Amino acid sequence: MPFGVPGTSLKAWQGSHALSQVPGISVEQLLPAGARLVVAAPHPDDEVLACGGLLASLASRVADITLISVTDGDGSHPGSAQWPPARLRDERRRESTRALTRLGFDTRRLAWRHLALPDGKVRDHAQALREHLLHEVREGDRLLATWRGDGHCDHEALGEVAAEVAQVRGAVLVEAPVWAWHWAHPEDPRLPWSRARKLWLGTQALERKHWAIGEHATQLAGDTSTGAPPVLNSTTLERLLQPFELVFL
Ligand SMILES: [Zn+2]
């Protein structure tokens, strides 16, 4: 399913038998006291789409969290006169900063790395990514990345490198789907249901996640210069009303 169409709706997912059978996991089970969480986001907004509610729940544990922004997301508006790459790069970084603030973080205290790998070409720079992750990840860490089967080249490349690094370092790999919500169908056997866990979100964490998404204005509006529709359409936003995040362990 291409990214330009609405995708699988919230209502369809709400009727999913497979999703209804997924067991829950608490924030404390996922990240016990004393453990570190390294979140690697292929583009600036994936940290919110994939696990913004989890991050909001962990805002008081900022010292335990490292965020790695793999690309600057400057490839989201190809051919745009409104959003040329340099302008997009600066704006998306500002959007991420505001979104993290919405999640409850003081970004000056957050260990936040910007790798600035080329958007859309993460796989071509897998070695550099591997070295960065090996440098950041320690034994016992939780390494959260986009799922290896997510259906977007950068998301999958990151997931594959994260899986390797987690194994080398003795870290726990946590994979999160982002675009799979869009293209998969509600009983889709391509999703690794046996590894799936639901992280239930409290009202406040869910509310903060919604606010954080709202800060990504470049992704929420169409492009007046090319006529391209918003990257995050209304169906995508509606799906974020689910009161949990899905992870694969
Ligand atoms: Zn992305």
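**View 1. Helices α6 and α7 cross in this predicted model.** The axes of helix α6 (residues 126–136) and helix α7 (residues 153–169) come within 10 Å and cross at roughly 40 degrees. Helices here are DSSP runs of H or I with at least four residues, strands are runs of E with at least two, and both are numbered from the N terminus. Axes are lines fitted to C-alpha atoms over the stretch in contact, with angles from 0 to 180 degrees between N-to-C directions. On the α6 side, Ala126, Leu129, Arg130, Leu133 and Leu134 make the contact (C-beta atoms, placed from the backbone, within 7 Å). Among their partners in α7 are Ala157, Leu158, Val161 and Glu164.

Residues are numbered from 1 along each chain as its sequence is written. Local features need pLDDT of at least 70, side-chain atom pairs count only at pLDDT 80 or more, and totals for chains, interfaces and linings use all residues.

**View 2. Helices α4 and α9 cross.** The axes of α4 (residues 46–57) and α9 (residues 203–214) come within 8 Å, at roughly 135 degrees. That angle makes α4 oblique to α9. Val48, Gly52, Gly53, Ala56 and Ser57 of α4 take part in the contact, and α9 contributes residues including Ala205, Leu206 and Arg208.

**View 3. Strands β3 and β4 pair in parallel.** Five bridges join β3 (residues 65–71) to β4 (residues 111–117); pairing takes at least two bridges found by DSSP.

Notes:
Angles under 35 degrees count as roughly parallel, over 145 as roughly antiparallel, 65 to 115 as roughly perpendicular and the rest as oblique. Two residues are in contact if their C-beta atoms, placed from the backbone, lie within 7 Å.
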